[in-house]
Amino acid sequence: MPAVQLRFLETFIHLAKVRNFRKVADLLHTTQPVISSRINALENELGTKLFERSKRGVQLTSEGRVLLPHAEMVVELTDEMKWLVNKNRKMTGSLRVGVTDTILRSWFVQLMECFREKYPGVNIEMLSSTSADVIQSLQDHAVDVGLAMRDGNDPKLDFVPLGAFPVAWVASPTAFPIRRATVGTLLDMPILSFPKNSIPYKTLERYLKMHSKVRVNVHSSNSIATIVQMAEEGLGIAPMPRAVVMRELASGTLHEITVDVEFPPLEFFAITEASPRKTLKDEFVEMAREQAIAYSSRYPDDYLINPD
C-alpha cells in the first residue's frame, strides 16, 4: 500500500475515535482542509461513504464501522514491520510521551539519555501534565506513551508498573517547626496539593475523610515546583513524594513531619494503547521500567518502592 494511502488510513482511524476534524488536525499537526481531503480521497478510493457529518461532529457509517478494525490492523502491522526491520538500525521519526511532574523530577532525565543514545534519530514530543490529563491524551490518541498514575481500569490500555513513590508530609521548618503530628493536627493547618481533578488530590481527599468530617483548607496547583515553593515560603504543609523534594529536604528548606497515619504511596505506570504488536513505544516502556528499577536500587524504599 502506498504511503499516501497509509496516511489516509491513519487519519481515518483518528477521526473515527476523536470524531472531530479540528482535533484530528491538531493531533496530526496539519489543517482541517488536509484532513477533509484525506477522508474524501479514501471514500472515493473505496467507493463508499465512511462518515456521517453534522454540526455536532462525525459518526461512522455502517461501512466505516466495518473498515475500522481492518484499518487498525493494517496500521499496526505496518508499525510492527518498521520496528522489526529497523530496530537494529538507525531509526527516525517521533514518539509522543505524556509524563507527570513526579516522574520528571525523579528518573526521567536518565530515561531520556538512554533512549537518545540508542535512538538518536527519534524525536521525543513531550507533554507534561497531570496523570488524568495524560490518560485522557492517550485515549484521544494525542500521545503514544504515558508515564502516570492509574485511574480506574480501561481495557483499551496496557499498564506496566513503574513502582510506587512513598509520600511524606513536608513543610518549612521555620513556619511549621513540629516534627511529629496526628492527622487531626494536620486539619488545623493549610494543606498544599495537586489540582482537584488529579489522582493525588483524590487520594488526599480519601485520606482526610477517613479521619475527619471537617472541611479542610486545601490550596491546589498543577505544578510541583509551585507547591514546593509555597511550602518553602511557609504557606502550608504538603504531602509530596520524597523523591521529588530530595534536594529541599537535604538543604533544609523543607523538613519532614512524621504523621501517625501513613499517606498511601502513589503508584505509577507506563501506559500504552493495548495492542499485540511490538513497536518503538514498547521499547520505550521497557526502558522506562529499567530506569525505575535502577532508581529504586540507588535509593531506599522511602523514595521509590521497586516495581518488581
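How many bridges join S6 to strand S13 (residues 266–273)? Seven do, and the two strands run antiparallel. This is a predicted model, in which local features need pLDDT of at least 70, side-chain atom pairs count only at pLDDT 80 or more, and totals for chains, interfaces and linings use all residues. Residues are numbered from 1 along each chain as its sequence is written, and side-chain values use heavy atoms, with hydrogens and water left out.

**Overall**

- The secondary structure of the protein comes to 12 helices and 13 strands; helices (H or I, at least four residues) and strands (E, at least two) are DSSP runs, numbered from the N terminus.
- Along the principal axes, the C-alpha atoms fill a box of roughly 75 × 45 × 30 Å.
- Of the 308 residues in the protein, 46% are buried, where buried means under 20% relative accessible area, exposed over 50% and partly exposed in between (1.4 Å probe, protein chains only).
- Contact means heavy atoms within 4.5 Å; among contacts between residues at least 6 apart in sequence, 76% join residues at least 24 apart.

**Five-stranded sheet**

- Five strands form an open sheet with mixed pairing, in the order S4-S3-S5-S13-S6; two strands pair if DSSP finds at least two bridges between them.
- Its edge strands, each pairing on one side only, are S4 (122–128) and S6 (157–165).
- From one strand to the next, the twist averages 20 degrees.
- Leu 157 has Glu 273 in S13 as its bridge partner.
- Helix H7 (residues 131–139) lies across S3 (93–99), S4, S5 (145–149), S6 and S13, and runs at about 150 degrees to S5. For such angles, axes are lines fitted to C-alpha atoms, for helices over the stretch in contact, and angles run from 0 to 180 degrees between N-to-C directions.

**Other strand pairings**

- A second open sheet, also of mixed pairing, has four strands in the order S8-S12-S7-S11.
- S8 (180–181) and S11 (238–241) are the edge strands of this sheet, each pairing on one side only.
- Three bridges join S7 (residues 167–171) to S12 (residues 255–259), and these strands run antiparallel; Ala 171 has His 255 as its bridge partner in S12.
- S1 (residues 51–54) and S2 (residues 57–60) are antiparallel and joined by four bridges, with a hairpin of two residues between them.
- In S2, Val 58 stands opposite Arg 53.

**Cores and helix H12**

- The largest nonpolar core has 50 residues, and Trp 107, Leu 147, Trp 169, Ile 237 and Phe 284 have the most contacts inside it. Such a core is a set of buried Ala, Val, Leu, Ile, Met, Phe, Trp, Tyr and Cys residues joined through side-chain atoms within 4.5 Å.
- H12 gives the most to this core, with seven residues.
- A second, separate core has 23 residues, including Ile 13, Phe 21, Ile 35 and Leu 42.
- Beyond its neighbours within four places in sequence, Trp 107 is in contact with residues including Leu 147, Leu 162, Ala 288 and Tyr 295.
- Buried residues in H12 (residues 280–298) include Phe 284, Met 287, Ala 288 and Tyr 295.

**Ala 16**

- Ala 16 is found in helix H1 (residues 3–18) and counts as buried because its relative accessibility is 8%.
- Apart from neighbours within four places in sequence, Ala 16 is in contact with Phe 51, Leu 60 and Leu 68.
- Ala 16 and Val 99 are 83 residues apart in sequence and 26 Å apart in space, C-alpha to C-alpha.

Technical notes: Expected span 1.5 Å × (residues − 1).
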